[in-house]
Amino acid sequence: MQRLIYTSVASENLGQEGLFEIIETSARNNPSRELTGFLIFNNQKFFQMVEGPARQIADLLAVLHDDRRHHSIEILYRSDVP
């Protein structure tokens with residue numbers, strides 16, 4: 001089990017509809033991936049804490065890096081948790 005905390009910056013064209021799409025997709029996909037956590041969005045910036053199996057965290061990071069709805073991902077914390 002790992003915990004990941006990161007920030008990123010929303011793309012200029014994200015908009016409210018794109019933000020709700022991110023939330024909806026996460027709520028649908030994360031349980032089957034055994035991922036839990038929270039996402040905060042404020043002033044065009046994302047802050048997310050997510051926990052789950054190490055492989056699923058790695059897969060999520062790959063998806064995040066390919067997602068054009070945000071950029072400038074900065075990993076603040078990543079560690080194994082009991």
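Reader: Strands here are DSSP runs (E, at least two residues), numbered from the N terminus. Going by that, where is L76 found?

Author: L76 is in strand β4. Keep in mind that this is a predicted model.

Reader: Noted. And how does L76 count, buried or partly exposed?

Author: Partly exposed. Its relative accessibility is 45%, and the cut-off for buried is under 20%.

Reader: Which residues make the nonpolar surface patch?

Author: F38, I40, F47, L76 and Y77 make the patch, which covers about 440 Å².

Reader: Which elements give two or more residues to it?

Author: Two of them do: β2, residues 36–42, and β4.

Reader: OK, switching to charges. How many salt bridges does a search of the whole structure find?

Author: The search turns up 5. In general, oppositely charged side chains can pair when their charged atoms come close.

Reader: Let's take E51. Which side chain does E51 meet in a salt bridge?

Author: That would be R3, at 2.4 Å from N to O. The two residues sit 48 apart in the chain, so this pair links distant parts: E51 belongs to strand β3 (residues 45–52) and R3 to strand β1 (residues 2–10).

Reader: Why does E51 count as buried?

Author: Because its relative accessibility is 18%, and buried means under 20%.

Reader: What about R3, buried or partly exposed?

Author: R3 is partly exposed, its relative accessible area being 28%.

Reader: Next one. What does R69 form with E21?

Author: A salt bridge, with 3.0 Å between the closest N and O atoms. Here too the pair links distant parts of the chain: R69 lies in the loop between α2 (54–66) and β4 (70–80), while E21 is in helix α1 (residues 15–29), 48 residues away.

Reader: And the accessibility of R69? What is it for E21?

Author: R69 comes out at 25% relative accessibility, which counts as partly exposed. E21 is at 42%, so it also counts as partly exposed.

Reader: Where does D67 come in? Which side chain does it meet in a salt bridge?

Author: R69. Their side chains meet at 2.7 Å, N to O.

Reader: Is D67 buried or exposed?

Author: Buried, because its relative accessibility is 17%, under the 20% cut-off.

Reader: So what do the shared partners join into one network?

Author: E21, D67 and R69 are joined that way. R69 has a salt bridge to E21 and one to D67.

Note on methods:
Residues numbered from 1 in each chain as written. Predicted model: local features only at pLDDT ≥ 70, side-chain atom pairs only at ≥ 80, totals over all residues. Heavy atoms only, no water. Salt bridge = Lys/Arg side-chain N within 4 Å of Asp/Glu carboxyl O. Helix = DSSP H or I, 4+ residues; strand = E, 2+ residues; numbered from the N terminus. Buried < 20%, exposed > 50% of the residue type's maximum accessible area, 1.4 Å probe, protein only. Patch = residues over 30% accessible without salt bridge, like charges linked within 9 Å, V, L, I, M, F, W, Y side chains within 5 Å. Areas by Shrake-Rupley, 256 points an atom, 1.4 Å probe, with all protein chains shown as cover.
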